[in-house]
Amino acid sequence: MKVLVIEDEPDMAALLAATLEPAGYQLRMERSGDEVERILAEFDPQVAIVDVMLFGSQADGYEVVRRIRATAGHENTLVVILTALVGAEYEKRALEAGANIYMGKPFSPLALLEQLRQAEIITD
Amino acid sequence: MGEGDLYKQQLLEYAQDLARAYSQIRRTQAEFLGALVSLLEMKAPTVRGHARRVAFWSLRLNDSLGKPLDPGALQAAALVHDVGKLGLPDRLIESWVASKEDDRRLVQMHPELGASLLEHVSAFAEWIPWVRHHHERWDGTGYPAGLAGEEIPLGSRIISLANAFDYYVHDYGDTPAHTVGGGVAWIEKQAGGSFDPELVRAFVELPVEALWVNRLWIEETR
């Protein structure tokens with residue numbers, strides 16, 4: 001299963017890679033979502049994990065999620081918003097933007113893997 | 001929360017998840033082995049408790065030698081040392097001494113059968129040879145490989161002694177039970193024959209009578 005990770009913080013990106021790669025996911029790591037349409041066309045992931053506060057990018061995570069949803073073929077891609085912005089308000093915004101799953105940081109790596117595993121079972 | 005603090009918190013989540021995952025794996029392995037033992041005991045009610053007692057004596061022996069083997073691995077191997085009996089015809093599962101030559105050959109396949117069953121779980125690789133060779137004898141006349149002396153893995157030598165002691169002091173239907181003192185004396189006589197003389201020395205020095213207390217300990221080790 002191909003997973004696109006959009007995370008600007010290098011340490012967090014490294015931890016995400018450390019979680020997902022041993023579990024057998026094929027990863028593409030990006031620091032910005034400004035060119036998300038091009039990345040989707042090239043990589044065609046089944047899952048996207050998107051950070052909200054993307055420093056140095058034009059688009060924030062919510063915008064990136066909306067653009068993923070608007071891209072043909074990715075209307076049903078599993079989208080996880082992973083953010084340090086924790087609270088019901090932020091969860092609501094994430095889901096309204098089109099994310100399937102909202103997770104606050106720090107997140108449980110096992111919970112993330114479990115969410116992906118369940119999504120895999122559903123799509124199988 | 002600053003990025004640095006968040007990162008520290010995230011690392012803590014990783015460490016906790018790792019610990020949880022590790023203990024879950026260990027627990028699942030132990031439960032799986034327990035289920036195998038229960039299955040064997042369902043098929044062979046007369047051996048009920050044997051596996052746990054062999055594990056008990058094996059661990060005591062290992063302790064007295066200064067724990068040369070990982071106690072978790074030894075306990076696992078000792079618990080399921082006879083699991084290959086599940087692969088024998090039902091009429092032979094409970095037999096310790098088969099009278100007919102053909103039957104004896106079949107019964108003697110149980111260490112190999114057990115090892116091949118356990119090989120389905122790669123995490124057990126370290127101690128599977130201890131199961132495979134638990135009927136070897138120090139003098140080289142055991143089975144399946146006829147290994148002698150220190151060619152026999154230490155785990156197998158320990159389980160072999162514990163196994164024989166438990167067999168000797170319990171009534172399994174085909175032989176009467178002997179006293180604990182009689183069992184220890186019998187083991188002592190087999191030094192250099194069936195068993196590693198050094199292990200026999202360590203076993204004889206164990207406070208076997210004290211550990212035995214009374215038959216109740218059998219229930220405690222279940």
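Which elements make a right-handed β-α-β unit in chain A? Let's find out in the views below. This is a predicted model, in which local features need pLDDT of at least 70, side-chain atom pairs count only at pLDDT 80 or more, and totals for chains, interfaces and linings use all residues. Residues are numbered from 1 along each chain as its sequence is written, while chains are lettered from A and ligands numbered from 1 in the order in which they are written.

View 1. The right-handed β-α-β unit is made by β3(A), helix α3 (residues 61-70) of chain A and β4(A). Right-handed here means that, with the strands pointing away from the viewer, the path from the first strand over the helix to the second runs clockwise. Helices (H or I, at least four residues) and strands (E, at least two) are DSSP runs, numbered from the N terminus. A residue is buried if 20 or more other C-beta atoms lie within 10 Å of its own, exposed if 12 or fewer, and partly exposed in between, with C-beta atoms placed from the backbone. Val47(A), Ile49(A) and Asp51(A) point one way from the strand, and Ala48(A) and Val50(A) point the other way. Two strands pair if DSSP finds at least two bridges between them. Strand β1 (residues 2-6) of chain A runs parallel to β3(A), joined by 4 bridges, and Val3(A) stands opposite Val47(A). Strand β4 (residues 78-83) of chain A is also parallel to β3(A), with 5 bridges; here Asp51(A) has Leu82(A) as its bridge partner.

**View 2. Helices α2 and α3 of chain B.** Helix α2 (residues 50-64) and helix α3 (residues 71-79) of chain B pack at an angle of about 150 degrees, with their axes 8 Å apart. Axes are lines fitted to C-alpha atoms, for helices over the stretch in contact, and angles run from 0 to 180 degrees between N-to-C directions. The two helices are therefore roughly antiparallel (angles under 35 degrees count as roughly parallel, over 145 as roughly antiparallel, 65 to 115 as roughly perpendicular and the rest as oblique). Residues that meet here include Leu59(B) in α2(B) and Leu74(B) in α3(B); residues are in contact if their C-beta atoms, placed from the backbone, lie within 7 Å. In the loop between these helices sits Lys67(B), with a positive phi of about 55 degrees although it is not a glycine. Lys67(B) is exposed, with 11 other C-beta atoms within 10 Å.

**View 3. Where the chains touch.** Here 11 residues of chain A are in contact with 11 residues of chain B. On the chain A side, α1 (10-20) and α5 (109-123) each supply at least two residues, and α1(A) gives the most, with 3 residues.

View 4. Most residues other than glycine have a negative phi, and most peptide bonds are trans. Lys105(A) and Pro106(A) are joined by a cis peptide bond, with omega about 0 degrees. Another cis peptide bond joins Tyr143(B) and Pro144(B), with omega about 5 degrees. Asp44(A), in the loop between α2 (36-43) and β3 of chain A, has a positive phi near 50 degrees. Asp44(A) counts as partly exposed, with 13 C-beta neighbours inside 10 Å.

Methods:
Contact = placed C-beta atoms within 7 Å.
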